[in-house]
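Subject: Structure handover and findings

Hello,

The structure we spoke about is below, followed by notes on what was found in it. Please read the notes with the model open.

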Amino acid sequence: MSGTPKVTLYTRKGCCLCDDAKHVLELAGREARFDLDEVDIDGHPDLKKLYSEEVPVIAINGSKAFKYRVSVDEFLEKLAARG
């Protein structure tokens, strides 16, 4: 796939792990280029049903790459492999 990878962070309000994942993505954004879309699953019934017990979930180009926790290095490695 050419172009800038699309990263989606599925999250919800009041989720500490979600805040951690967002921070990791902000740090990773200093080293790699990607488009980030943050989606609150509680506003989407289908996503809430799919990811309710797994947030945060990070998808790269539409495929789930991580849930719960991620490090900057892990994210950058998988981003390079899928990007």
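A disulfide here is a pair of cysteine sulfur atoms within 2.5 Å. The model is predicted, so local features need pLDDT of at least 70 and side-chain atom pairs count only at pLDDT 80 or more, while totals for chains, interfaces and linings use all residues. Residues are numbered from 1 along each chain as its sequence is written, and side-chain values use heavy atoms, with hydrogens and water left out.

Cysteines

The disulfide rule gives a count of 1. The bond joins Cys15 to Cys18, with an S to S distance of 2.4 Å. Its torsion about the S-S bond is 75°, and the link of Cys15 and Cys18 is right-handed. Both Cys15 and Cys18 are buried, where buried means under 20% relative accessible area, exposed over 50%, and partly exposed in between (1.4 Å probe, protein chains only). Cys16 is in no disulfide; the nearest cysteine sulfur belongs to Cys15 and is 7.0 Å away. Cys16 is exposed, at a relative accessible area of 60%.

Strands

Helices (H or I, at least four residues) and strands (E, at least two) are DSSP runs, numbered from the N terminus. Two strands pair if DSSP finds at least two bridges between them. In strand 1 (residues 6-11), 5 of the 6 residues are buried. Strand 1 pairs with strand 2 (residues 35-40) in the parallel sense over 6 bridges, and Thr11 has Asp40 in strand 2 as its bridge partner. Val7 stands opposite Ile60 in strand 3.

Thr8, in strand 1, is buried at 8% relative accessibility. Leaving out residues up to four places away in sequence, Thr8 touches Asp37, Val39, Val57, Ile58 and Ala59, contact being heavy atoms within 4.5 Å.

Helix 3

Which residues of helix 3 (residues 72-82) are buried? They are Val72, Phe75, Leu76 and Leu79. These residues lie on the same side of helix 3, because they cover an arc of only 95° around the axis; the arc is that of the directions from the helix axis to the C-beta atoms. Asp73, Glu77 and Ala81, on the other side of helix 3, are exposed. The cover over the buried residues of helix 3 includes strand 1, helix 1 (16-28), strand 3 and strand 4 (63-67).

Two loop residues

Glu54 sits in the loop between helix 2 (45-51) and strand 3 (57-60). Glu54 is buried, with a relative accessible area of 16%. Its side chain makes a polar contact with the side chain of Lys64 at 2.8 Å. A polar contact is a pair of N or O atoms within 3.5 Å; within protein, one must be able to donate a hydrogen and the other to accept it, and residues adjacent in sequence count only if both atoms are side-chain atoms. Not counting residues up to four places away in sequence, Glu54 touches Lys64, Lys67 and Tyr68.

Asn61 is in the loop between strand 3 and strand 4 and is partly exposed at 24% relative accessibility. The Asn61 side chain reaches the backbone oxygen of Arg82 at 3.2 Å. Asn61 and Asp35 are 26 residues apart in sequence and 9.7 Å apart in space, C-alpha to C-alpha.

Regards
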